[in-house]
Amino acid sequence: MKHALATLSVLLALSATPAHAAGVEHRQAPGAMIASAAIVPPGSTFYYLSGATASPVSPADTESLDAYGDTETQTFSILTKMKAQLAEMGLGMGDVIKLTVFLVGDPKNGGKMDRDGLTRAYKKFFGTADQPNLPTRSAFQIAALARPQQLVEIEAIAAKAP
């Protein structure tokens, strides 16, 4: 009888929960810069954003060595464009669950990727008071992008629970 009452209690508790699925869960350790996991409930919609590169600092200059700026400037440009693209779909940066970042070694940084520059721009969009969600993230140093002045390309996956 106790088992039947316990089972009935669980069933009643489950039926009392809202009909909509829980939101996307971003798991992150305190003080972390990226999420360790993102849990997306069944029925959610996924949005895949193609890799994007920065806009030139000045539209009149697309060829000079500094046409697209440093890693921080390029990352900020890309994430600004991403934020606008997400907004067009009714989403925000908090809906991003995964970033894949491709970094070219910066000649001004001894040919090494500028992870610190990436981080400074990233922190303006993720883990802020206004937008506390952190995506999962992978970052790679690669040999080159389409234009020799481009140092960063970022692709994203976003998810929205029903």
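Contact here means heavy atoms within 4.5 Å. With that cut-off, 74% of the contacts in the protein chain between residues at least 6 apart in sequence join residues at least 24 apart. The model is a predicted one, in which local features need pLDDT of at least 70 and side-chain atom pairs count only at pLDDT 80 or more, while totals for chains, interfaces and linings use all residues. Residues are numbered from 1 along each chain as its sequence is written, and side-chain values use heavy atoms, with hydrogens and water left out.

The secondary structure of the protein chain comes to 3 helices and 6 strands, taken as DSSP runs (H or I of at least four residues for helices, E of at least two for strands) and numbered from the N terminus. Read from the N terminus on, the elements follow the order α-β-β-β-α-β-α-β-β. Of the 162 residues in the chain, 34% are buried; the term stands for under 20% relative accessible area, with exposed over 50% and partly exposed in between (1.4 Å probe, protein chains only).

Four strands form an open sheet in the order β3-β6-β4-β5, with mixed pairing; two strands are taken to pair if DSSP finds at least two bridges between them. At the edges lie β3 (45-52) and β5 (136-142), each of which pairs on one side only. On average, neighbouring strands of this sheet are turned by 10° against each other, direction ignored. Such angles come from axes fitted as lines to C-alpha atoms, for helices over the stretch in contact, and run from 0 to 180 degrees between N-to-C directions. Helix α2 packs on the sheet and touches β3, β4 and β6, its direction making about 30° with that of β6.

Towards β6, β4 runs antiparallel and is joined by 7 bridges, with Val-101 having Ile-154 as its bridge partner in β6. Towards β5, the pairing of β4 is parallel, over 7 bridges. Within β5, Ser-138 is the bridge partner of Thr-100, and Thr-136 stands opposite Lys-98. The chain passes from β4 through α3 to β5 in a right-handed β-α-β crossover, meaning that, with the strands pointing away from the viewer, the path from the first strand over the helix to the second runs clockwise. Along α3, the buried residues are Gly-117, Leu-118, Thr-119, Ala-121 and Tyr-122, and their cover includes α2, β4 and β5.

Not counting residues up to four places away in sequence, Met-82 touches Leu-49, Met-93, Leu-99, Ile-154 and Ala-156.

Leaving aside neighbours within four places in sequence, Thr-71 is in contact with Leu-103, Asp-106, Asp-114, Gly-117, Leu-118, Leu-151 and Val-152. Ala-35 sits in the loop between β1 (25-27) and β2 (37-39) and is buried, with a relative accessible area of 5%. Ala-35 touches Arg-27, Gln-28, Leu-134, Pro-135 and Thr-136, again not counting residues up to four places away in sequence. The C-alpha atoms of Ala-35 and Lys-98 are separated by 8.9 Å, although the two residues are 63 apart along the chain.

Finally, there are 4 aromatic pairs, where rings of Phe, Tyr and Trp (its six-membered ring) pair if their centres lie within 6.5 Å, and planes under 30 degrees apart count as stacked, over 60 as edge-to-face and the rest as tilted. One of the pairs is that of Phe-102 and Phe-140, which is stacked, at 6.1 Å centre to centre and 25° between the planes. This pair links distant parts of the chain, with Phe-102 in strand β4 and Phe-140 in strand β5, 38 residues apart. Phe-102 counts as partly exposed at 22% relative accessibility, and Phe-140 is partly exposed with a relative accessible area of 41%.
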